Amino acid sequence: MTPLPILQGERCLLRALVPQDAPALVAHADDPAVARSLFDGFPQPYTPAAATAWATHESQSGEFGWVWAIAADGALVGCIGLRPDAGWLRCNAEIGYWIGQAHWRRGIASDAVRQVTDWAFAAVPELTRIHAPIFAANEASQAVARKCGYVREATLPQSAIKDGKVIDRVVWATYRTEVARRDADIGAALAATAASAMERT
Ligand SMILES: CC(C)(COP(=O)(O)OP(=O)(O)OC[C@H]1O[C@@H](n2cnc3c(N)ncnc32)[C@H](O)[C@@H]1OP(=O)(O)O)[C@@H](O)C(=O)NCCC(=O)NCCS
């Protein structure tokens, strides 16, 4: 897999998680307001043990694709991941993200999604589509996707179980051609990848 780069946006820095991120993970992720919009496997309560596991090895295991800590003002405030689909679907990747409630509405998620989207199309030649399956009730995340140039593809009725209830999801997606059209600075993204690539261990 292409090494994880450090990506510097206008509002945040994206970098690999480190063990020292565990307390910040607990501070921001141990929050029902964050967890209620995430997949049912997201730990809640978000314990120090869960944070340590995520920061030390799970986030770099490959199971979740590329995973970045979202850092603002020098500290972790959230996470973003991009997981490529396998086999004949490998031109697709799923993006997922969360931000600690104390940092909402500062443009951080939009900045992070833009950085990851631009980097992915520049650095992963096979990738043509990035998708975000978002809970239908999650207006904030759909607004982030829209703001980053993603389009609403479809509703997936009754497609997930969250907290024991079956819910609808809405798929938002963006395509390599869309990114080229809005003149993404692909050269800069590639340069960032080359300059700051960090080999997985
Ligand atoms: C969704 C989430 C990532 C948004 O993060 P954020 O950093 O606050 O988002 P941004 O500041 O980049 O907001 C971008 C746009 O989204 C919209 N938006 C953000 N929060 C919103 C809210 N609570 N209600 C309605 N619209 C909202 C706004 O239009 C905003 O643009 P504006 O500030 O120019 O008006 C954050 O609320 C979160 O982590 N929620 C819990 C986990 C989650 O939902 N993750 C996504 C799973 S698919």
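**Note on the predicted model**

1. Start with Val116. Beyond its neighbours within four places in sequence, Val116 contacts Leu14, Ile80, Leu82 and Ile95. Contact means that the C-beta atoms of two residues, placed from the backbone, lie within 7 Å.

2. Two points on reading the model. Residue numbers start from 1 along each chain, as its sequence is written. The model is predicted, so local features need pLDDT of at least 70 and side-chain atom pairs count only at pLDDT 80 or more, while totals for chains, interfaces and linings use all residues.

3. Overall build. The protein chain has 7 helices and 8 strands. These are DSSP runs numbered from the N terminus: helices are H or I with at least four residues, strands are E with at least two. The C-alpha atoms fill a box of roughly 40 × 40 × 35 Å along the principal axes. Of the contacts with a separation of 6 or more, 65% link residues 24 or more positions apart.

4. Burial and core. Buried residues make up 32% of the 201 residues. A residue is buried if 20 or more other C-beta atoms lie within 10 Å of its own, exposed if 12 or fewer, and partly exposed in between, with C-beta atoms placed from the backbone. The largest nonpolar core holds 47 residues, and Trp68, Ile70, Ala112 and Val116 touch the most other members. H4 gives the most to this core, with 9 residues. Such a core is a set of buried Ala, Val, Leu, Ile, Met, Phe, Trp, Tyr and Cys residues joined through C-beta atoms within 7 Å.

5. Ligand shell. The ligand is surrounded by 23 residues, and the closest are Ser37, Ala109, Ser110, Ala140 and Ala143. Strand S5 (92-99), helix H4 (108-123), strand S6 (129-135) and helix H5 (139-147) each supply at least two shell residues. H5 gives the largest share, 6 residues. The shell divides into 13 nonpolar, 6 polar and 4 charged residues. Ala, Val, Leu, Ile, Met, Phe, Trp, Tyr, Cys and Pro count as nonpolar; Asp, Glu, Lys and Arg as charged; the others, Gly among them, as polar.

6. Helix H1. Ala22, Leu25, His28 and Ala29 are buried in H1 (residues 22-29). Seen down the helix axis, the buried residues of H1 fall within an arc of 135°, so they line one face. The arc is that of the directions from the axis to the C-beta atoms. These residues pack against helix H2 (32-35), helix H3 (48-56) and strand S4 (75-84).

7. Trp66. This residue sits in strand S3 (residues 66-72). Trp66 counts as buried because it has 27 C-beta neighbours inside 10 Å. Leaving out residues up to four places away in sequence, Trp66 touches Leu4, Gly81 and Leu82. Thr2 is 64 residues away along the chain, yet its C-alpha atom is 8.7 Å from that of Trp66.

8. Backbone points to check. Most residues other than glycine have a negative phi, and most peptide bonds are trans. Gln44 and Pro45 are joined by a cis peptide bond, with omega about 5°. Pro45 lies in the loop between H2 and H3. Asp73 has a positive phi, near 50°, and lies in the loop between S3 and S4. Arg105 has a positive phi of about 65° and lies in the loop between S5 and H4. Asp73 counts as exposed, with 8 C-beta neighbours inside 10 Å. Arg105 counts as exposed, with 9.

Technical notes. A residue is near a molecule or strand if its C-beta atom, placed from the backbone, lies within 6 Å of it.
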